[in-house]
Amino acid sequence: MQLTVSGSQGAIAGELTVPVSKYHLHRALVLASLAPGRSVIRGLSETRQVVWTIAVLRALGTRIEIVGDSYVVDGGQYSTREPVVDHGSSSAEGLLNVGSSGTTLYFMTGLASLADRPITLTGMKYFRRRPIKALLDALGTLGVRYESTDDCPPIVVQPGGPEGGHVTIPGTLSQWLSGLLLLAPFARRETTIEVLGELNEQPYVDLTVRMMRHFGLEVEVSDDWRHYTVKPGQTARPAEYVVPPDIGSAAFGLAATALHPSDVLFRGLHARASEETDHPEAEFLDIVRTMGLTLQRDEPTGFVRVRHDGLTLAPVDLDFQPIPDLLPVVSALASFADGTSHFHNVAHVRLKESDRVNAMLQLVKLGGRLEDRGSELVVTGVDSLVGAPMSSFNDHRVLMSLAVAATRASGQSHLTYPHAYRISYPAFLDAMTGVGLDLSVPRRHRKPAS
C-alpha cells in the first residue's frame with residue numbers, strides 16, 4: 001500500500017483547520033501528571049504521539065479525562081495499583097509503550113523512576129533502535145537505576161527517583177536535555193546540568209523551561225542556555241493551560257499554498273510572523289514570507305488567509321541548528337525557488353525518525369537538484385519536477401514534505417508507509433484533498449470468504 005500523489009499546476013481553495021501544538025501538549029500533560037490536584041489543558045489532539053503519552057501516563061496512575069475541548073488531569077504520585085491497559089501500556093505489568101514517539105520516550109525514561117515499581121519502557125520494533133545512550137548515561141549520573149541492552153529500548157527503570165548532583169549532556173537533541181530538566185525538581189539534592197558542545201534546538205528547551213515554570217517548578221538558566229540549576233524536592237502546581245496552534249502542522253498547508261495559486265483560510269492560525277506566537281517552529285512563518293508568500297489577515301475571522309495567482313519563490317540561507325524538524329518541508333519549497341538555497345548545521349537532522357537529510361535527497365528522483373555536503377544541504381530550484389516512486393522511511397515529516405512537493409510534479413508519485421502522517425498530523429490527507437490536491441491511499445480489498 002502506498003500514498004499516491006497526482007501532480008497539478010491548478011489552484012487550490014478552501015479552509016484548513018490547524019491542530020493544536022503537540023510540543024506544548026506533551027509537556028502540559030506530563031507536567032500536569034506530576035502536579036498533585038486537577039489541571040485543565042484546553043486543546044485536544046488525535047496525534048499518535050500524544051495518544052501514546054496519554055496512555056503511558058494513565059498506566060502510571062494519572063487520571064486523564066476528555067471533557068469538551070479539554071483534558072482534565074488529576075495528577076500526583078505515580079502509582080500502578082489500579083489496573084490500566086491503554087495502547088500497549090499496562091500498569092499491572094509495569095509496561096510503558098511509547099510507540100514511535102521520541103518525545104514520550106525521552107521525557108518518561110527518567111520520570112519512570114518516580115513510580116512505585118520497576119517500569120519497562122518499550123516501543124515499536126524499529127523504534128527500539130532509537131539512540132538514547134547519552135540520556136541514559138546522564139540519568140545514571142543523577143542516580144537513576146536502569147537496565148538496558150545496547151542502550152536502546154526496552155529499558156527497565158527501577159523505582160527510587162533521582163539523587164541529583166552535577167550532570168553533563170550533549171546538546172545534540174533538545175529532548176535529552178528536556179528529559180533531565182523535567183526530572184531534576186524531584187531529586188533529593190540540587191541538580192546542575194551542563195550542555196556539552198553546541199546546543200541544538202534551543203527553542204524547544206526554552207519551551208520546556210517556560211512550561212515548567214507555568215506549573216510552579218523553578219529552573220535557573222544561564223544566558224547562553226548551557227547551564228541549568230534546579231532546586232531539589234519541588235512540588236509541581238496544578239494549572240490551567242491553553243494549547244496554541246501547531247505551526248509544524250500548518251507548515252504543510254502553507255507550503256502547498258506557496259506552490260499553487262491559492263485562496264485558503266487557515267482556521268485557528270492568527271500569527272503571521274514568529275513574534276506573534278509561542279511555538280518552537282514559529283520561524284517557519286518568517287521563512288515562507290522571506291520566500292515570497294504573503295500571509296494576510298482575514299478580516300471576518302481574524303485567521304490567516306493566503307490568496308495569490310502564482311508565486312516565484314526566493315531562495316533562502318538558513319541555520320537549521322535551532323529548527324531541525326523544518327528541514328524536510330523547507331527543502332520541498334526550496335526545490336521550486338528561483339536560485340540556490342543553503343541549509344547549514346544539518347548534521348543532527350539525521351538523528352530524527354529517519355536520516356531526514358538523506359530522505360529529502362529523494363527529490364532528485366523527481367528532477368530536483370540537492371547536494372548533501374555533510375553539515376550543509378544545498379538545494380537549487382528547478383522549473384518542474386516529474387513524479388516518481390519514493391520512500392517515506394515511515395517518517396511523518398518526510399512523507400508529508402515529499403507529498404507536498406509531488407503535488408507540483410507532473411504525473412504521479414508513490415510513497416511508502418502511506419499512513420505515517422497519522423503520527424503527528426492525522427488530518428493531513430483530508431486537509432490536502434479538502435483544498436483540491438490529489439492524494440489518495442488505496443483501500444485494501446478483503447478476499448471473499450470461501
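Leu 429 sits in helix α12 (residues 428-434). Helices here are DSSP runs of H or I with at least four residues, strands are runs of E with at least two, and both are numbered from the N terminus. This is a predicted model, where local features need pLDDT of at least 70, side-chain atom pairs count only at pLDDT 80 or more, and totals for chains, interfaces and linings use all residues. Residues are numbered from 1 along each chain as its sequence is written, and side-chain values use heavy atoms, with hydrogens and water left out.

Is Leu 429 buried or exposed? Leu 429 counts as buried, at 13% relative accessibility. Buried means under 20% relative accessible area, exposed means over 50%, and partly exposed lies in between (1.4 Å probe, protein chains only). Leaving aside neighbours within four places in sequence, Leu 429 is in contact with Leu 3, Tyr 421, Leu 439, Ser 440 and Val 441. Contact means heavy atoms within 4.5 Å. Met 400 is 29 residues away from Leu 429 along the chain, and their C-alpha atoms are separated by 9.0 Å.

**Nonpolar cores**

A nonpolar core is a set of buried Ala, Val, Leu, Ile, Met, Phe, Trp, Tyr and Cys residues joined through side-chain atoms within 4.5 Å. The largest core has 77 residues, and Phe 284, Val 330, Phe 343 and Phe 428 touch the most other members. Helix α7 (residues 247-259) gives this core its largest share, nine residues. A second, separate core has 74 residues, including Leu 34, Val 73, Leu 183 and Ala 184.

**Helices**

The axes of helix α8 (residues 283-291) and helix α9 (residues 327-334) come within 12 Å and cross at roughly 5°. Axes are lines fitted to C-alpha atoms, for helices over the stretch in contact, and angles run from 0 to 180 degrees between N-to-C directions. So α8 is roughly parallel to α9. Angles under 35 degrees count as roughly parallel, over 145 as roughly antiparallel, 65 to 115 as roughly perpendicular and the rest as oblique. Phe 284, Ile 287, Val 288 and Met 291 of α8 meet Val 329, Val 330, Leu 333 and Ala 334 of α9.

How enclosed is helix α5 (residues 174-183)? Ten of its ten residues are buried, so α5 is largely enclosed by the rest of the structure. Trp 176 and Gly 179 are among them.

**Strands**

Two strands pair if DSSP finds at least two bridges between them.

| Strand pair | Bridges | A bridge partner pair |
|---|---|---|
| β3 (residues 37-42) and β5 (residues 70-75) | six | Arg 38 and Asp 74 |
| β4 (residues 63-67) and β5 | five | Ile 66 and Tyr 71 |
| β1 (residues 3-6) and β27 (residues 412-415) | four | Thr 4 and His 414 |

The hairpin of β4 and β5 has two residues between the strands, and Gly 68 takes a positive phi near 65° there.

Elsewhere, four strands form an open sheet of mixed pairing, in the order β25-β27-β1-β28. Its edge strands are β25 (389-390) and β28 (438-440), each pairing on one side only.

**A buried loop residue**

Ser 100 lies in the loop between β8 (95-97) and α3 (102-111). Ser 100 is buried, with a relative accessible area of 2%. Not counting residues up to four places away in sequence, Ser 100 touches Trp 52, Met 124, Tyr 126, Phe 127 and Ile 423.
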